[in-house]
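These exercises go with a predicted model. Work through each task with the structure open, then read the solution.

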Amino acid sequence: MYSKPVAKSMYLILIPAYLSVIILLAGVLREVFFYSRTNEVVVYEKRFSKLKQFVLEESAVGYTTDTGNIKDFYLVQYVLAPIILNKNLKSKQNLVVGNYLKNDTAPFTPLIGYTIINDFGSGVILLSLKNQ
Amino acid sequence: MISFLTVISSLIIGTAIVLIIFPQGCQKGNGWILPISLGCGLGQGVTSLMAFIWMVIAGQLNHNYFILESCFALIAGILALYRLRSTTDIKLNTINDASNIDVQPVLRNSFVLLLLLTLLWFVLRSLYQYPHGKWDAWAIWNLRPRVMFRFGAQWLNAFSESGGWSHLDYPLLLPLTIYRSWVMLGYETVVIPCIVAGLYLFSTIFLIYKVVSILRNTNQGYLAALTMLATIWFLKHSTSQFADVPFAYFICSAIVLFVLKEHYTQNSRGLILLAGLFTGCALWTKNEGWLLFIVTMLYFILPFIMMTKRDHLKVAIAFGTGVFPFLCITLFFKIKFAPQNDVINTNTLYDMWQSISNISSYLEIGKAFLKEIVTFSYGILFFLGAYFWLSKADNGFNSELNIKPPLMMLLLMLSGYFFVYVITPHDLQWHIDSSLNRLLLQLWPSTVFIFFLNILYPEQKGKIENE
């Protein structure tokens with residue numbers, strides 16, 4: 001056995017190690033068994049699953065949203081890959097994906113020059129250029 | 001379970017390369033932990049490189065590629081076993097005199113228990129909480145293989161300029177490792193990125209444990225590994241599925257090999273060749289790999305080249321041989337596929353000069369570095385500081401060999417990171433907030449390794465106290 005001072009110094013490593021692993025494990029067990037929050041990517045996969053079928057043939061579509069959060073854009077891009085999402089709607093896209101999060105039940109104000117061709121619910125809509 | 005099979009051939013290839021290149025006779029005494037923990041990452045580097053070359057030449061990954069890869073794994077495995085059988089065990093020139101010291105059950109049991117609990121935590125968090133990883137994973141590292149896989153034969157479209165917001169210039173080790181496994185399986189699954197992330201996490205822990213055990217003693221190895229398990233930020237980040245943990249592993253492996261070289265006095269060029277391979281893997285993993293490459297060249301290679309002795313030139317050639325294939329392919333990828341980098345290429349020389357001459361930004365960056373270092377992983381450095389105060393550095397230790405070179409390498413890396421913030425074209429605060437903690441994380445395993453390499457091990461301390 002080690003002398004007391006040596007053992008004391010070892011506990012400076014052992015205690016944080018035990019604490020870290022136990023805290024992490026408790027956190028994940030609580031999350032999995034009690035809260036069971038659905039992962040945000042999984043939520044997006046579900047929300048956009050129907051829309052996906054409508055844009056399968058496209059190589060790129062436009063993107064519009066009522067939130068300025070860039071994270072939502074990346075999530076939609078990840079879900080719709082390999083279709084390229086284009087945030088810049090100055091270059092007119094035939095189809096535009098709408099991701100409305102603030103109010104997903106009220107009627108949407110479509111983009112100028114676009115018309116809603118499909119409302120998939122939960123804030124997901126598909127718009128198309130009016131002269132199409 | 002079948003997903004695990006996709007990483008077997010890369011594991012065999014990596015481990016075999018390590019065993020073949022490792023200095024003659026030194027493979028046996030160190031057991032399997034060291035070659036496997038090194039081979040895990042090296043195999044992924046080599047197979048992702050092979051897959052990329054195949055895709056460029058043949059158009060896409062197909063059955064022929066996997067037959068070739070399996071044959072390569074088989075031949076490499078046989079050669080490694082043959083080399084292992086035909087050599088006799090050579091004792092490593094270790095730093096300690098503690099070869100007959102008893103392993104402390106409290107350390108061994110704690111390590112095994114915490115490792116198992118960490119494995120359970122990793123599986124739950126990866127598969128149930130973050131199956132797709134976190135932001136950068138689904139914006140970059142997992143997005144790239146997903147786009148390539150869904151494009152099929154038109155995988156080149158994944159690098160079209162219209163997707164330029166997704167950092168298309170980032171190297172491909174991680175995306176291609178995932179893509180290769182998906183093609184082998186025939187379908188996309190979140191299990192593969194989780195397995196890859198897990199392999200890097202546990203390889204890093206085992207690598208540090210084993211090398212510190214070899215160079216100091218087993219108890220010190222356990223303490224080093226337990227410190228890694230105490231680093232919440234490192235553990236958590238491994239499940240984010242970013243490239244920072246793999247990159248940290250490659251830096252640590254390169255440094256470990258440079259340190260090991262000093263202790264294998266005969267035929268040590270193989271270790272430098274391996275260090276070159278790992279530096280190459282770092283280049284092929286993240287753009288920061290260029291910094292590691294430059295630092296390695298500056299610190300280890302230039303003095304060797306400047307000296308005219310034949311041995312030094314041979315060392316430089318060995319390192320160059322290891323890094324060369326990765327360097328060529330990364331350059332080819334950068335020139336042929338990748339768009340401009342957002343930090344380097346959007347700056348004009350005038351912009352850079354303006355940034356360099358702005359003194360206030362140095363202060364701001366310095367403060368941010370200090371704050372991040374102090375608060376890193378809930379203040380783990382305070383525990384290490386207290387441990388150092390109680391245990392003390394090993395004065396009988398050759399600092400010229402074991403402290404100065406790797407520490408200098410880390411400090412040069414840190415200075416490089418500092419300089420990137422100085423010249424950043426982005427908003428400085430945003431750039432610091434979004435990346436500094438990850439940059440420090442990249443250097444953390446190497447820091448832990450160097451710390452435990454140079455500190456008194458428990459038995460030494462007890463002996464000094466008794467005297």
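**Exercise 1.** Is the crossing of H2(B) and H11(B) left-handed or right-handed? Describe the packing of the two helices as well.

Solution. 
Step 1. The elements are H2(B), residues 33-58, and H11(B), residues 244-261.
Step 2. Their axes lie 10 Å apart, and the packing angle is about 135°. Angles over 145 degrees would count as roughly antiparallel, and those from 65 to 115 as roughly perpendicular. H2(B) is therefore oblique to H11(B).
Step 3. The crossing of H2(B) and H11(B) is left-handed.
Step 4. H2(B) contributes Leu34(B), Ser37(B), Leu38(B), Gly39(B), Cys40(B), Gly41(B) and Leu42(B) to the contact. From H11(B) come Tyr249(B), Phe250(B), Ser253(B), Leu257(B) and Leu260(B).
Step 5. By class, the contact of H2(B) with H11(B) holds eight nonpolar, four polar and no charged residues.

**Exercise 2.** Describe how H20(B) packs against H8(B) and against H17(B).

Solution. 
Step 1. For H8(B) and H20(B), the angle is about 20° and the axes are 10 Å apart. Since angles under 35 degrees count as roughly parallel, H8(B) is roughly parallel to H20(B). The crossing of this pair, H8(B) and H20(B), is right-handed.
Step 2. On H8(B), the contact residues are Thr204(B), Ile208(B), Val211(B), Val212(B) and Leu215(B). They meet Pro445(B), Val448(B), Phe449(B), Phe452(B) and Leu453(B) of H20(B). This contact of H8(B) with H20(B) has nine nonpolar residues, one polar and no charged.
Step 3. H17(B), residues 380-391, and H20(B), residues 428-454, have axes that come within 12 Å and cross at roughly 10°. H17(B) and H20(B) are therefore roughly parallel to each other.
Step 4. H17(B) uses Ile380(B), Leu381(B), Leu384(B), Tyr387(B) and Phe388(B), while H20(B) uses Trp444(B), Phe451(B) and Phe452(B). The contact of H17(B) with H20(B) is made up of eight nonpolar residues, with no polar and no charged ones.

**Exercise 3.** What is the volume of the second largest pocket, and which helix supplies the largest share of its lining?

Solution. 
Step 1. The volume of the second largest pocket is about 560 Å³.
Step 2. Its lining has 25 residues, and the closest to the centre are Phe4(B), Leu119(B), Gly198(B), Leu199(B) and Phe202(B).
Step 3. H1(B), H2(B), H4(B) and H8(B) each supply at least two lining residues. The largest share, eight residues, is that of H8(B).
Step 4. The lining of this pocket divides into 21 nonpolar, four polar and no charged residues.

**Exercise 4.** Where in chain A are Pro82(A) and Ser122(A), and what are the backbone angles there?

Solution. 
Step 1. Recall the background: most peptide bonds are trans, and most residues other than glycine have a negative phi.
Step 2. Pro82(A) sits in the loop between helix H4 (70-80) and strand E2 (84-86) of chain A. The peptide bond from Ala81(A) to Pro82(A) is cis, with omega near 15°.
Step 3. Ser122(A) belongs to the loop between strands E4 (114-119) and E5 (124-129) of chain A. Phi of Ser122(A) is positive, near 45°, in a residue other than glycine.

Conventions:
Residues are numbered from 1 along each chain as its sequence is written. Chains are lettered from A and ligands numbered from 1 in the order in which they are written. This is a predicted model: local features need pLDDT of at least 70, side-chain atom pairs count only at pLDDT 80 or more; totals for chains, interfaces and linings use all residues. Side-chain values use heavy atoms; hydrogens and water are left out. Axes are lines fitted to C-alpha atoms, for helices over the stretch in contact, and angles run from 0 to 180 degrees between N-to-C directions. Helices (H or I, at least four residues) and strands (E, at least two) are DSSP runs, numbered from the N terminus. Contact means heavy atoms within 4.5 Å. Ala, Val, Leu, Ile, Met, Phe, Trp, Tyr, Cys and Pro count as nonpolar, Asp, Glu, Lys and Arg as charged, and the others, Gly among them, as polar. On a 1 Å grid over the protein atoms alone, a cavity is a set of points where a 1.4 Å probe fits but cannot get out, and a pocket is an open set with protein on both sides within 12 Å along at least five of seven lines; lining residues have an atom within 4 Å of a point. Grid points are joined across faces, edges and corners, and a volume is the space filled by probe spheres set on the points. A crossing is left-handed if the near helix is turned anticlockwise from the far one by less than a right angle, and right-handed if clockwise.
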